[in-house]
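Please open the model in your viewer and keep the selection tool at hand.

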Amino acid sequence: MTDISPVRGTLYLWHDRWMLLGHLPANRVHRHVSASLLLGLDGTFELEVNGSRHLTRAALVAPDVPQALNPGQTTMLVAQLDPDSDAWRRLAGSLAGRASMDLPLAEEQAWALAHSADCRTLSANLAQYLAATGGPPLPLDARIADICHHLRATLPERLDAAALAERAGISASRLTHLFREQTGVTLRRFLLYLKITRAMARWQPGMTLSTLAAEAGFYDQPHLVRTARDMFDALPSAYIGTGEFRICRCSDAD
């Protein structure tokens, strides 16, 4: 008899973002470029941030902060909030410069998120949670917002800081400083994050890493592997290629 592993959860994939819902494996220390919203929908989980561990029911970790997750048997919702997104900037003010913070999570909120049947419902329930938990979005410099949008639209193979600075109307050194100040990450890591997110969205079972690296704009397969290990402690295939997670491919309207 063939041993079929039980499905652990669902990976929701948009073209530029993703969320995981279900029973997740523990991971080692890694650094997301995005902010991490971690919700224990039926219990607590262990979170390590900057080498310090504690149990929590819900937490927010700022962009580019070393973290590790041990969910145990808890059903988790993990959402990555881009550093230029309204979702992250609604919560960022409460951090007040800290690396992480615990968040409130009411039982009715957890139940709604755990029983989200599709991409649209999950997005709507998460938006309601963010609206109830956060405040008005922190303002984002219009020049930085434009650079983020431009990088998403073009996804260049190499970062041209001089050209981006010219687009923003400031010096390259000023752009570098302002981007890090506004988003919490460097321009280079932001671009790598956009590429690894594209890789997640484009992965299909049976696709080679070399093909995926080329389609996502990486120099080569080792470059993709290093980036994935650094940012997620896992390759896309760990969630997409094993059959342990259902794949829900979502449209931008969801």
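Are Arg189 and Asp64 buried or exposed? Select the two residues in this predicted model, and you will find that Arg189 is buried and that Asp64 is buried as well. Their side chains meet in a salt bridge, with 2.8 Å from N to O. Arg189 belongs to helix α7 (residues 187-202), while Asp64 sits in the loop between β7 (58-61) and β8 (66-70), so the pair ties together parts that are 125 residues apart in sequence.

Next, select Arg167 and Asp146, whose side chains form a salt bridge with an N to O distance of 2.7 Å. Because Arg167 lies in helix α5 (residues 161-168) and Asp146 in helix α4 (residues 142-154), this pair ties together parts that are 21 residues apart in sequence. Colour the two by accessibility if you can: Arg167 is partly exposed, with a relative accessible area of 43%, and Asp146 is also partly exposed, with a value of 29%.

Now move on to Arg158 and Glu157, where the side chains meet in a salt bridge of 3.3 Å, N to O. Arg158 is exposed, with a relative accessible area of 54%, whereas Glu157, at 45%, is partly exposed.

Notes
Residues numbered from 1 in each chain as written. Predicted model: local features only at pLDDT ≥ 70, side-chain atom pairs only at ≥ 80, totals over all residues. Heavy atoms only, no water. Salt bridge = Lys/Arg side-chain N within 4 Å of Asp/Glu carboxyl O. Helix = DSSP H or I, 4+ residues; strand = E, 2+ residues; numbered from the N terminus. Buried < 20%, exposed > 50% of the residue type's maximum accessible area, 1.4 Å probe, protein only.
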